[in-house]
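Work through the exercises below with the sequence and coordinates open. Each task is followed by its solution.

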Amino acid sequence: MNQLIISAATEGEEATNPLVPNVWEMGVVLVGFAVLLYIVVKFIVPMFEKTFAERAEAIEGGIAKAEKAQAEASAALEEYKQQLTDARAEANRIREEARAEGAQILADLKAKAAAESARITEQAHAAIESERQAAVVSLRSEVGTLATTLAGRIVGEALTDDERAARVVDRFLADLETQNAGAAK
Amino acid sequence: MIALALPAQDSGSFTPPGIDEMHLPAILPWGAHDGFSKQMLLVILSVVIIATFFILAARKQQLVPGKLQFAGEMAYGFVRNSIAKDIIGGKDFIKYVPLLFSLFFFILVNNIYGAIPVIQLPSFSHVGGAYVLAGIVYFTWIIIGIKKNGLKYFKLATVPSGVPWYILPIVVPIEIISNFLVRPVTHSLRLFATMLAGHLIVMLAGSGIEFLIMQENVLLKGTSVLVLVGAIAMYMLEALIMALQAYVFTLLTAIYIEGALHADSH
């Protein structure tokens, strides 16, 4: 072994130029590097890239999920606010309506009451009028009878003839009325 | 290691280790020089380490990662976001993540070998591997450029827009040389040279310490401590450079791909 080294060393004294490669070593490096490159291309890089992609996806997915939840929450909030506003408006509207209705009812009742009272008054008037009319009619006939009876007694002539009596009474009353009208003038 | 011990054994003068000590004997030798070397074993081991770690880390695919998955995601995310996304950008960047990811960790693990005791050998201190990776990247960005822009790509890549026609005879050759000839060379040699230099320094310090400690004189023996302190500092620097070179190599790859994708806007 020793012998070999020394001989190799001395032999190479002039021949060894560090820039001249050993072809076998070049071959080993070439093959070794090719094998390594194959393993890297086939296994190592895809595995790492897959992990990286999965991780990025997981992170981005989480962010997207959070964003979605946020959006949903704000949408719900918006909806609730909207509903609240609607409810308030509705309540206001109902209150307004109730007030208006109340006023309407009051006005109706008043009008009804007024109409009722007017009707009652009217009826009373009519009743009074008819009674007065009846009184006038009965008074007229009674006065006539009475007057003729009295006049008959005074005159002593029987004024039983109804037709004549009626004529006398009518004339009397007409005189009375013209007198009244003259007096009124 | 045995070879390193050799110069110290003839206790005369100190012969520093050279380029030739970079080449360890083959584990399974065949032919004169070639054979299955420690470098090759380490390269294969790096593939196993990277594949195992990331498959274990990525396998569970939990939304809330455990410690292992988190570490894997950090490492993957660094290449994916800090290199691919920031440089290439757009929607296209994900297509190039596997290449950039493989490059970064392949180079990183193979460099870090140099900082691990006993292993102590960055794979890319041999130029072959660096040539291979730079070559893969070279063809990758040229093919991307042609796919994206058609054969017009070569015009876009070498004739900068907005340059007056009379300067073009100077600019075009410079662009051709810098983009298509020098770029792959610098891309590979940057990685190889830093790793070689770092490894040489560690070796030099190691053999220096060994040589000094073998001295009869006690005071001279004591100076080995100074070398040790210096060696530790250099070791730290090397560890930084190992990680940095993996980053630089991957970053440049991303820049080349971006340049090919958007050749029309450069």
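**Exercise 1. Find the largest nonpolar core and the elements that build it.**

Step 1. In this predicted model, the largest nonpolar core holds 63 residues. The residues with the most contacts inside this core are B:Ala84, B:Leu100, B:Phe101, B:Phe104, B:Ile107 and B:Ile257.

Step 2. Next, list the elements that give two or more residues to this core: helix 2 of chain A, and from chain B helix 2 (38-59), helix 3 (67-88), helix 4 (93-112), helix 5, helix 6 (152-158), helix 7 (168-213) and helix 9 (224-261).

Step 3. Helix 4 of chain B gives the most, with 13 residues.

Step 4. Take B:Phe101 and leave out residues up to four places away in sequence: B:Phe101 touches A:Val40, A:Val45, B:Tyr76 and B:Val79.

**Exercise 2. Describe the fold of chain B.**

Step 1. Count the elements: chain B has nine helices and two strands. Read from the N terminus, their order is α-β-β-α-α-α-α-α-α-α-α.

Step 2. Of the 266 residues in chain B, 34% are buried.

Step 3. Consider the contacts in chain B with a separation of 6 or more: 63% of them are between residues 24 or more positions apart.

**Exercise 3. Compare the annotated spans of chain B with the model.**

Step 1. An unreviewed UniProt entry lists residues 40-58, 96-116, 128-146, 153-172, 192-213 and 225-257 of chain B as "transmembrane region".

Step 2. For residues 96-116 of chain B, the model gives 81% helix and 0% strand, with the end C-alpha atoms 30 Å apart.

Step 3. For residues 153-172 of chain B, the values are 55% helix and 0% strand, and the end C-alpha atoms lie 14 Å apart.

**Exercise 4. Which parts of chain A have the lowest and the highest confidence?**

Step 1. Chain A has a mean pLDDT of 83, and 85% of its residues reach 70 or more.

Step 2. Confidence in chain A is lowest in helix 1 (residues 2-15), at a mean of 43, and highest in helix 2 (residues 23-155), at 90.

Step 3. Over residues 1-15 of chain A, pLDDT stays under 50, and the model has 11 contacts beyond four places in sequence for them.

Definitions and conventions: Residues numbered from 1 in each chain as written. Chains lettered and ligands numbered in written order. Predicted model: local features only at pLDDT ≥ 70, side-chain atom pairs only at ≥ 80, totals over all residues. Helix = DSSP H or I, 4+ residues; strand = E, 2+ residues; numbered from the N terminus. Buried ≥ 20, exposed ≤ 12 C-beta atoms within 10 Å, placed from the backbone. Contact = placed C-beta atoms within 7 Å. UniProt positions renumbered as here; feature names shortened; annotations may be inferred. pLDDT = per-residue confidence, 0-100. Core = buried A, V, L, I, M, F, W, Y, C linked by C-beta atoms within 7 Å.
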